[in-house]
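Thanks for sending this one over.

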Amino acid sequence: MNSGNHDMNAPDTINHDPSRFSYYVTDAFYGELVEAYRDWQREDLIVADGATRDRFRMLLDREARLLDRFLYEEWLTLYVPEFAYWVPSTVEGGDPRSEIAVTFDDRRRTEDRIFRFRTGYAWSQAPPSRTVRLITNVEVFRTAVPTTMMVRSNFIINEFWDNETRMLTGWCGHRMMEKDGRWLIQCKQVNLIDCDQSLRNPSIVL
Amino acid sequence: MLQRSGNSGGFGNGFDWDELVQEDRVHRLIYADPDIFQRELTHIFGAVWVYLAHESQIPKENDFITGKLGLRPLIICRDGNGQIRALYNRCTHRGTTLCRWDKGNSKSFQCPYHGWSYLNNGRIRGVPWPDGYAMDFRDPKFNLAQVPRVESYRGFIFGTLNMEAPSLSDYLGPIKKPMDEWIDRNPGGKIIVCEANRLKFKGNWKLAYDNSADGYHVIYSHRSLIETEARFNDGEKGMSYYKNSPDKLEMYVAYTGNGHHYKDKRPNLEKRAGGLWAIESLHPGMEHFEEKLRARLGDKADAALDLAGSEPMNINVFPNLSLLGNHIQVIEPVAFDETNAVWYGTKIEDVDGTLGEDVVRDINSLRMRTQEGFPNLGEVDDITNFEQIQRGLACLEDEWIYMNRGMDMPERFRTDEEGVIYGPATDEVFMREYIKEWKRLMQAEPRLTVRREP
């Protein structure tokens, strides 16, 4: 799993490589995310343009397919180097500086999660869940910055694990940023509809 | 194979408890029998002091949360006089739950079904069209039932239905010492509950209580986490100290009586400020906040960083409370084969102004992430193993579960003047001792009562 051109397990002298070190998760980073996710789903900010919506819908469909197929290296190419994967434990999202989340991962911990799956000893994923993700209701919202967009989508993850198929459902807020003509995910906020309830084996990447 | 013989006089009366719980092993039925579970709901969850909530969840007058005592739905609130009460969340009229919200602030609760309403001290306030009743609805029998004894120990609220139970302080006994140390490492001895990692598993609640001080499972059940923690270093972070002869290390497990016990891994650390932070595994924001705090606090930074570190203690207060790292884990029985394990997070406060608000915010920003690590990357493997135990127990003819590690090896233990038994970290002595207490309670005939305001 590479974020740059090097093996994530190799000794590294690039001090701020986010696969190896966590310097970017700062008070300002948290503050910016909390602000970005506060009041973004406004009618006056909807991008009513089919082509834009299609572009982001294709990106979300691709993300779902890569996760369903465990292609984590390819999946991570959809993200900026310094991203957050955020599963709040309250329906309001909350402030991750002062509230426990189901998950608040930076790049390194996301890669930890994937490394753990591959150790062969991650009993919660041995054998691994099989998933089929359905993504729908994609809506794009502009922000004050033209190179940042917010994308809302609804999801159903059908997860087969331990002899049964269950449904994880909710909605995602993807914070997208344009870099060199490509749109990349800067934060994926996954809002499970039962995020504040006890969850059985919440170990897959949502 | 053991058979149930009749069922007169209440759930689980037909069992031979001495047969079910032996010195070295227990019978599968104590995890797998619905009648034994029903009996636990009175003989354990009711007869002893059961953890209900933390005071920081209801800081102000008229704050409430909903919770449970066993399966009994409760409203745990601070009434208008500041008194903490555990009201049965059950309308005295027809039995409806009164409050369906997780938390809030309210002086009264009105039943959604017929509109009977109650003050948060449990007194009935009014009923619609009272002239249709021949008697006075203000009869105390219509006041809400409430847990008759509710006491706090340093912010931890417990309740029991057993008027003959000892005081909470006596019930806790020597487990108070590690609890005090766990609490007092935080500024002003104060912690605030701040949401939770909430998990559930399809297994009996005792599988979680068996586990938390079990030093024997760590190296295998958590192998994926330990390997992950070591992927950038020589394996000196997190729980890596379990890898080599854990029984030869200074960490230990202690059984303190009444079912309570703890595992203390602190002796493995370097005895200095920063010793805890030095073994903390990698978490989001770690390098940034550490540099920032060191630049700001100088040689005081180590102690501050330790506040974000995961306190290496597993303190288990029978039957449903564990203090693990910085989490308050609450075990909630749901059915004989289903349990919620709610890991409430805790944050610190700038109690006396010495740390400063922004330093506290930075510590908490780190502390949230250190807490999320284990439930995400470790506990999921344990609860999978709990579920697979429950599945294995479907083997009816293979009846026994062993907890005999360290048994008949007196050289592994010492007992102090308070009767606390100390043993090596992988020893199952705490399981043998707590399950003996469980058996005593299941054999007893406790008298449970509720109270109503007069």
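1. Chain A and chain B bury about 4,500 Å² between them, and carbon and sulfur atoms give 49% of that area. Buried area here is the accessible area (1.4 Å probe) that two parts lose on being put together, summed over both. I100(A), R109(A) and W123(A) supply 17% of the area that chain A buries against chain B, more than any other three residues.

2. A word on the basis: this is a predicted model, in which local features need pLDDT of at least 70 and side-chain atom pairs count only at pLDDT 80 or more, while totals for chains, interfaces and linings use all residues. Residues are numbered from 1 along each chain as its sequence is written, chains are lettered from A and ligands numbered from 1 in the order in which they are written, and side-chain values use heavy atoms, with hydrogens and water left out.

3. In the contact (heavy atoms within 4.5 Å), chain A takes part with 49 residues and chain B with 51 residues.

4. There are seven salt bridges between the chains, each a side-chain nitrogen of Lys or Arg within 4 Å of a carboxyl oxygen of Asp or Glu. One of them joins D162(A) to R391(B), with the closest N and O atoms 2.8 Å apart.

5. Which element of chain A gives the most to the side that touches chain B? That is α4(A), with seven residues; helices (H or I, at least four residues) and strands (E, at least two) are DSSP runs, numbered from the N terminus.
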